[in-house]
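The sequence and the model come first.

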Amino acid sequence: MIKEGNLFLYSDPWGNLPQENSQGFGLYYRDTRFLSRLEWKLDGVGIVNLHGKADGPESVYRYTNEEVKRNEDVVFWRESLEIERRCWLYGGVLYESFRFHNLDRQTLDTQLELILDADFADMFVVRGFQHGKLGEKKPLQLMDDGIRYAYHGADNVTRSLEVKVEPRARVGEDGSLLIPLSLAPDEEKEVSVTYLLSVGDEKMEAIPRKEAWQLARQGLAEWVVQCPEVESDSVDFNAMVRRSLADMRMLLIDKGDGEFPVAGLPWYAVPFGRDSLIAAWQSMAIRPELAKATIRTMARYQGEKLDGWRDEEPGKILHEIRYGELAGTGQIPFTPYYGTVDATPLFLLLIGEVYRWSGDLDFVREHVEHAKKAFDWIDQYGDPDERGYTVYQRKSEKGIGNQGWKDSADSVVHRDHTLAEAPIALSEVQGYVYQARRVWSTLFRQLGEGEWADKLTKQADELRERFRRDFWMADESFPALALDKANRQVGTVTSNPGHCLIGDLLEQEQAAAVARRLLSPDLFSGWGIRTMSATARSYNPMSYHNGSVWPHDNSLILLGLKEGGFHREAEKLIQGLIDTAAQFPQHRLPELFCGYDRELGEPVPYPVACSPQAWAAGTAFVLLQAMTGIKPDPDRGRIYLQPSLPPEMSRLVVNNLRVGSGQLDIRLVRSDGVVHVQVEKNSSGWPVELGGS
């Protein structure tokens with residue numbers, strides 16, 4: 001997987017797109033697969049794969065050859081041809097190069113054949129979504145320096161792909177590109193391929209290849225330099241942070257309000273309300289600009305009218321936006337689609353986080369009207385039956401049934417294995433709403449809006465009292481997953497209520513019981529906290545939401561554990577997640593993994609998990625925040641630290657941590673069981689104190 005901006009290439013491990021593969025490999029731009037087949041071969045020469053690596057906007061692969069025989073005689077020895085293939089993305093263009101080096105004593109005469117196709121399939125078609133009318137593909141067009149594919153969509157948009165080759169190629173009868181190669185001993189030759197996309201009037205232009213390669217690399221390098229430097233005595237944590245920084249950079253797009261994270265690859269490379277907001281929240285200490293860009297983008301698309309097809313309501317924050325042919329023809333409602341119950345309170349919370357980490361009240365003031373509309377949505381459309389809870393119920397016939405973060409059809413399930421009926425009030429959503437009211441009651445008071453401040457304070461107090469009464473399950477000493485349409489508890493024990501540890505929605509004794517249960521064997525697998533208790537009837541370790549482990553879910557629970565002072569549980573969870581990252585390729589936490597016990601020896605991958613995924617990458621940043629125990633307080637003009645290190649770490653150094661109006665450099669060292677803190681630089685404008693506020 002390589003990505004830059006809105007363009008990404010999803011291939012097999014050797015950079016190829018085999019014909020009619022089931023994985024959905026391709027070159028994608030704005031929800032359309034432009035390149036659906038990309039294979040290559042050398043005439044009469046068998047290829048051996050040696051090494052492949054993809055990272056950020058570029059990939060590199062190395063191959064060699066099998067021996068070449070004529071009759072029984074070897075005319076070209078095996079492993080005598082060095083082949084390097086590079087792909088990189090920049091400015092909406094895919095650049096590819098093949099370099100051939102003959103290390104044999106004999107001349108090699110062969111031919112490079114590129115087998116290509118472009119199906120221009122909508123992302124939803126690739127994923128098997130039922131559809132109606134589609135457009136038509138135009139005949140292949142030959143050009144002086146390559147070929148051109150074109151497609152006129154049912155949305156009346158023409159999409160095309162030009163493939164240009166240097167040296168010039170001959171076009172075979174099947175449409176393949178044929179490039180003759182004659183390599184004398186020790187001779188090197190290069191073949192360059194450029195893939196140029198166009199969508200309607202938007203046409204990508206190539207720049208000099210070396211310049212494009214340098215600029216692609218430069219973007220990642222500049223990102224890393226501007227982020228905090230992290231170094232510890234845990235090799236695995238260091239690698240996890242480096243990987244997460246690179247992945248977060250890879251997942252950024254810009255819709256006109258600055259770069260912000262999309263959800264993940266390959267299927268969710270678009271703005272997502274919940275995912276983008278949470279990933280930006282996780283990244284506050286790393287790159288606060290992401291939060292500001294995410295908020296501005298979400299504010300621009302805030303719901304304005306009642307539209308049942310798109311589940312849109314005034315003040316509501318979007319779920320996702322799609323751009324392909326099916327969206328353009330109205331066959332799917334994602335233009336944008338608003339079927340999410342948690343994005344709106346998360347939007348409010350993220351504005352509060354920007355203020356907490358920066359003290360930037362002007363930014364808050366910029367979004368006051370958007371915040372008021374969001375609270376109006378919570379009060380009116382989010383609570384249609386006036387139960388005092390924020391609920392969801394799908395209106396769109398092609399919308400999403402369950403509209404919390406666990407959005408699979410079977411994720412909200414009673415203890416007896418029956419599915420809950422909407423409208424449904426999820427526990428974690430009430431936690432987000434409660435905390436949003438608390439945060440904004442303070443912000444409104446600072447802005448001189450006392451009436452709003454008083455209203456939110458009263459609503460928060462009433463919600464806290466109701467929640468403690470209606471959600472608490474005495475027999476489990478744990479909150480219910482949700483309340484169903486009859487206000488009955490959905491009593492399955494899940495990870496959802498762990499998010500309610502952020503803030504004081506629960507009584508202290510209740511919070512302590514929740515913290516203990518989350519780290520008990522039925523929920524904690526040893527790698528992370530499961531989405532559902534292993535003792536529940538509906539538990540399935542291979543289920544998407546009913547027993548798997550999601551790193552981002554764990555990261556939000558971790559924030560609550562630290563805020564509540566449950567340091568031992570936090571340290572146990574941190575160590576489990578670091579150990580998990582060490583077991584996956586490149587120390588990359590996936591979107592999710594199966595919930596099997598650690599006794600198996602290694603975490604079991606979930607078969608179709610997105611990787612990289614923004615909020616999985618952001619989990620590493622939450623671990624960093626939890627270990628430093630940093631808690632900015634702009635109202636007091638202080639930074640409080642409550643550090644704690646996991647069992648297998650004794651030293652952590654963080655430079656350029658973003659807080660206040662500047663940066664913070666700190667060093668944590670544990671000796672004799674005590675974590676000692678040294679502040680080496682502080683340009684934040686706020687003094688640092690140990691302990692809580």
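How many salt bridges does a search of the whole structure find? The search finds 58, a salt bridge being a side-chain nitrogen of Lys or Arg within 4 Å of a carboxyl oxygen of Asp or Glu. This is a predicted model, in which local features need pLDDT of at least 70 and side-chain atom pairs count only at pLDDT 80 or more, while totals for chains, interfaces and linings use all residues. Residues are numbered from 1 along each chain as its sequence is written, and side-chain values use heavy atoms, with hydrogens and water left out.

**Salt bridges**

- Glu96 and Arg85 form a salt bridge, N to O 2.8 Å. Glu96 sits in strand S11 (residues 93–102) and Arg85 in strand S10 (residues 81–90), so the bridge ties together parts 11 residues apart in sequence. Helices (H or I, at least four residues) and strands (E, at least two) are DSSP runs, numbered from the N terminus.
- Glu96 is buried at 0% relative accessible area. Arg85 is buried too, with 0%. Buried means under 20% relative accessible area, exposed over 50%, and partly exposed in between (1.4 Å probe, protein chains only).
- Glu67 and Lys69 meet in a salt bridge at 3.7 Å, N to O. Glu67 is partly exposed, with a relative accessible area of 37%. Lys69 is also partly exposed, at 45%.
- Glu353 bridges to Arg356, with the closest N and O atoms 3.1 Å apart. Both lie in helix H7 (residues 343–358), 3 residues apart, which puts about one helical turn between them. Glu353 is buried at 12%, whereas Arg356 is partly exposed at 22%.
- A network of salt bridges links Glu58, Arg62, Glu82, Glu84, Arg86, Arg99, Glu188 and Arg217.

**An open sheet**

- Four strands form an open sheet in the order S22-S32-S33-S34, with antiparallel pairing. Two strands pair if DSSP finds at least two bridges between them.
- Strand S22 (229–232) and strand S34 (674–682) are the edge strands, each with a single partner, so one side of each has no neighbour in the sheet.
- The twist averages 20 degrees from one strand to the next. Axes are lines fitted to C-alpha atoms, for helices over the stretch in contact, and angles run from 0 to 180 degrees between N-to-C directions.
- Strands S32 (residues 651–659) and S33 (residues 662–671) run antiparallel and are joined by 7 bridges. Val654 stands opposite Ile666 in S33.

**Contacts of Leu624**

- Leu624 lies in helix H15 (residues 614–628). At 3% relative accessibility, Leu624 is buried.
- Leaving out residues up to four places away in sequence, Leu624 touches Val230, Phe237, Ile286, Leu652, Val654 and Leu657. Contact means heavy atoms within 4.5 Å.
- Leu624 and Ile286 are 338 residues apart along the chain, yet their C-alpha atoms are separated by 9.6 Å.

**Aromatic rings**

- The count is 28 aromatic pairs. Rings of Phe, Tyr and Trp (its six-membered ring) pair if their centres lie within 6.5 Å; planes under 30 degrees apart count as stacked, over 60 as edge-to-face and the rest as tilted.
- Tyr28 and Trp267 have ring centres 6.5 Å apart and planes at 90 degrees, so the pair is edge-to-face. Tyr28 is in strand S3 (residues 26–29), and Trp267 is in the loop between strand S24 (259–261) and helix H4 (273–282), 239 residues apart.
- Tyr28 is buried at 0%, and Trp267 is buried at 16%.
- Lys455 lies over the face of Trp452, 3.8 Å from the ring centre. Arg598 lies over the face of Trp527, at 4.2 Å. A charge sits over a ring if NZ of Lys or CZ of Arg is within 6 Å of the ring centre and within 35 degrees of the ring normal.

- The peptide bond from Ala422 to Pro423 is cis, with omega near 5 degrees. Pro423 is in the loop between helix H9 (368–379) and strand S25 (425–426).
- Ser611 and Pro612 are also joined by a cis peptide bond, omega about 5 degrees. Pro612 is in the loop between helix H14 (567–583) and H15.
- Asp31 has a positive phi, near 70 degrees. Asp31 lies in the loop between S3 and strand S4 (32–35) and is buried at 6%.
- Glu386 has a positive phi near 55 degrees. Glu386 lies in the loop between H9 and S25 and is exposed at 71%.
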